[in-house]
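Hello,

Here is the structure I promised to pass on. My notes follow below it.

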Amino acid sequence: MVTEVSRIHVDTTINSEPVEFLCDGSQSLLSALRDEVGLTGTKEGCSTGDCGACSILLDGRLVPSCLVLAAEAQGRSVTTIEGIAQDGHLHPVQQQFLQHAALQCGICTPGFIVAAKALLDAIPNPTETEARYWLAGNLCRCTGYDKIIRAVMDAAAETQKATV
Amino acid sequence: MSAIRYEAPTSIPDAIRLMQADPAATVMAGGTDLLVQFRAGIKRPSAFIDIKRIPDLVRFSIDPNGLTLGAAVSAAELGESVEFKRLWPGIAEAAALIGSTQIQGRGSLGGNLCNASPAADTPCPLIVNHADCVIAGPEGRRSIPVEQFVIAPGKTVLKAGEFLVTIRVPRPRPITADAYLRLTPRSEMDIAVVGCAVSLTLDTNGVCTAARVALAAVAPTPVLVPEAAQALIGSRLDEDALSRAAAAASAAARPIDDKRGTIVYRRQIAGVLTRRAAAIAWRRAKGGN
């Protein structure tokens, strides 16, 4: 017999705004963000936690949203790529991605930017080695990594200059 | 097919009740292995019981007795503790090797144990540090050494209605340090071909008085190698002692041939990593990094 289980109601905060959505028990947060909430900036790459395209911040911590259940967002704070620019101003990481043309097809870009923002929050002045290790879980299949690393290192330098 | 439920109990008794009520339900911590296995069709649970709303499962403390680590604390959160990294650099370096920054934001040491992969990184350094698993279940709590927790690939001693709640690591004795090394073809985002954890205690003359050596990815479960430890005890880790420890580790390894490495290669590497990890632990115990 097929049992109809009602969908789960989730009250959460996404990009500093209160949000409610309905989800299924096994639905990923990635899927809920895109298909229930309509925030399609977060991308699906592998859905196995290997590629980093779906990176978000959950209570400020960098996580793969494909390996978070949507129902876990209840009462938590979620930051997606749509919440990285503040008051109409791009984050330094976003600005430097443009400056360096650090993207081609763009599928990996939201994940890289969210991960790089988390890096600069944790280590404001990273070495290139630290940046490369931090971003090792973000895969890019077209631009390659050098321009991305240049963009992140310049964003760090710019942020440091601004805070001196 | 019926929908899969999501449960988020806020206490250990509530979690046990949910598990007893539905034997097909599965406990979820970070989900970094479980959700991948679920989507691949390897696991078909009727419900996810998310234990991260249980306060004791998501906190850790370090006191004079040692570390009390909630089974669902993320590797990233634990790795931010300076005191943790100072006392157990070997456990810290193993935890920092698992997956990506993103995976470490979710994955826990408890989950690493419960997933019971032969190639898991953190069980071995926990074992050499005499860590215990605290298990809660319908009949109360029990505690067992980490080396007895995993019984086969993907299988643990957990019985129906039981789950891992805490990992307890005793505070290291004076002049004691640990180290963990693994071999992977890539420098990041890979799974161990062989892993080796060593813990050493020295006397004030630099002579090794106690040692533990454990190997990962060379058998169905983590392998504690007392013969390698014996080779180090009583020595100042001279060439002879290191060679005997390496030979003992190679002899204890029971690896398989697979895409990551051959039996012969893994045996050889088990010895090499034992020698190198012992040297790092010795240097750390003497006050170096």
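Which residues of helix α1 (residues 29-36) of chain A are buried? They are A:Leu29, A:Leu30, A:Ser31, A:Ala32 and A:Leu33. Please keep in mind that this is a predicted model. Strand β2 (17-23) of chain A is part of what covers the buried residues of α1(A). After α1(A) comes A:Gly38, with a positive phi near 85°.

Next, the domains of chain A. Domain 1 covers 8-83 and domain 2 covers 92-163. Their C-alpha centres are 21 Å apart. Across this boundary, 13 residues of domain 1 of chain A are in contact with 11 residues of domain 2 of chain A. Strand β3 (residues 55-58) of chain A supplies the largest share of the domain 1 side, with 3 residues. By class, that side of domain 1 has 7 nonpolar, 5 polar and 1 charged residues.

Then the contact between the chains. Here 25 residues of chain A are in contact with 24 residues of chain B. On the chain A side, the elements that give two or more residues are β4 (61-64) and α4 (128-134). β4(A) gives the most, with 4 residues. The side of chain A that touches chain B has 13 nonpolar, 9 polar and 3 charged residues.

Now chain B. Four strands form an open sheet there, in the order β11-β12-β13-β14, with antiparallel pairing. The edges are β11 (176-183) and β14 (223-224) of chain B; each has a single partner strand, so one side of each lacks a neighbour in the sheet. Inside the sheet, strand β12 (residues 194-202) of chain B pairs with strand β13 (residues 208-216) of chain B over 8 bridges, in the antiparallel sense. For a landmark, look at B:Leu200, which stands opposite B:Ala211 in β13(B).

Two helices lie across these strands. Helix α10 (residues 239-252) of chain B lies across β12, β13 and β14 of chain B, and runs at about 35° to β13(B). Helix α11 (residues 263-285) of chain B lies across β11, β12 and β13 of chain B, and runs at about 35° to β12(B).

Best wishes

Conventions:
Residues numbered from 1 in each chain as written. Chains lettered and ligands numbered in written order. Predicted model: local features only at pLDDT ≥ 70, side-chain atom pairs only at ≥ 80, totals over all residues. Contact = placed C-beta atoms within 7 Å. Nonpolar A, V, L, I, M, F, W, Y, C, P; charged D, E, K, R; others polar. Domains from an automatic or database assignment. Pairing = 2+ DSSP bridges. Axes fitted to C-alpha atoms, helices over the stretch in contact; angles between N-to-C directions. Buried ≥ 20, exposed ≤ 12 C-beta atoms within 10 Å, placed from the backbone.
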